[in-house]
Amino acid sequence: MTGTAPVPFTADDYKARMDRAARQAADAGLAGLLVAPGPDLVWLTGYAPPAVTERLTLLVLAAGREPVLVVPTLEAPDAEKATGAPALVLSDWTDGKDPYALTAALLDAQGRFGVSDNAWALHLLGLQKTLPGTSYVSLTEALPMLRAVKDAAELERLAAAGAAADAAFEEIRNVRFSGRRESEVAADLAALLRRFGHSQVDFTIVASGPNGANPHHEAGDRRIERGDMVVLDFGGLRDGYGSDTSRTVHVGEPTEEERRVHDLVREAQEAGFRAVRPGAACQDVDRAARAVIADAGYGEYFIHRTGHGIGVTTHEPPYMIEGEEQPLVPGMCFSVEPGVYLPGRFGVRIEDIVTVTEDGGRRLNDTERGMVTVD
């Protein structure tokens, strides 16, 4: 199963994104946006440099002005091939020239700019030295919802990525766990994600027995034993958009307590999902899931936020966490993934990607959420 290829994004799609980003920057009181190589640049232009180097590459966006991509001359041919290139102006510079002076000519010398989170300090300091009157704020702080609301084409890609991750789970539950190392099962998961169309595997957590009490456990050499709970959390990118799902399986028959904790987390995950609706705050999703676990006496063992956004990266705004009052909007996509982690014993996490609809939410993962036993 690889599925059909999605409808490609067009230059018009990228132009609309750049125009929207520039408008949102102006509405936020910014003189513009400075976007370095990374997921924001790919989302806005379709361009991913062949290598991220010390040479400055920077997209300059400002309302009422044409987008300009400052790019090293030796990489200009690749930039010209990007799907979004017809919607912007390329301004190239050669080695030995000052790229900051070139960029400074495009900027308000006293302006405040939003800067993509992964911009190099080297480049930001170079701009500050050239234009000491400018100031900067991270894009996540200034425009946290820039990529949060997905259009129909993006939702289609996210749904396909979720279906591919589901297919990987349906396969992995049939392999042998007992007697094998966590790393071996993790390798199986990675291979399955690629088999079902992923071009990039970001993580394959396989946390068995007491390792399951560590939410971000790195799959290691521990041999999985009969009687273990095993937390599986895996995902990556398919056609440029993310998957991320978690299920907790049991090797052989679980104890009454293990089944009870698993049922509790499943109930909490369902409560979080039911809280998804337009106009609700992100924190409402966290509160709904957390209340179920706290009321059962396990509150201190739920040690992370309930969810995170997903799109061209597997973790991005918005975040389902106490204090986040951002209202949910149709088209937002994020995880709902409560967990209980009992130190030295076991952990349970159940996770689906959910998108906000006009009247509630829709899951993009739909594998069994009840207790699954494996050999």
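The model is predicted, with local features requiring pLDDT of at least 70 and side-chain atom pairs pLDDT 80 or more, while totals for chains, interfaces and linings use all residues. Side-chain values use heavy atoms, without hydrogens and water, and residues are numbered from 1 along each chain as its sequence is written.

H217 is found in the loop between β7 (200-208) and β8 (229-238); strands are DSSP runs of E of at least two residues, and helices runs of H or I of at least four, numbered from the N terminus. H217 has a relative accessible area of 13% and is therefore buried (under 20%, with a 1.4 Å probe and protein chains only). Beyond its neighbours within four places in sequence, H217 is in contact with E182, I205, V206, A207 and N211 (heavy atoms within 4.5 Å).

The second largest cavity is lined by L34, L58, V115, A119, H123, L124 and L127; a cavity is a set of points on a 1 Å grid over the protein atoms alone where a 1.4 Å probe fits but cannot get out, and lining residues have an atom within 4 Å of a point. Helix α5 (residues 121-130) gives the most to this lining, with three residues.

Notes: Buried means under 20% relative accessible area, exposed over 50%, partly exposed in between (1.4 Å probe, protein chains only). On a 1 Å grid over the protein atoms alone, a cavity is a set of points where a 1.4 Å probe fits but cannot get out, and a pocket is an open set with protein on both sides within 12 Å along at least five of seven lines; lining residues have an atom within 4 Å of a point.
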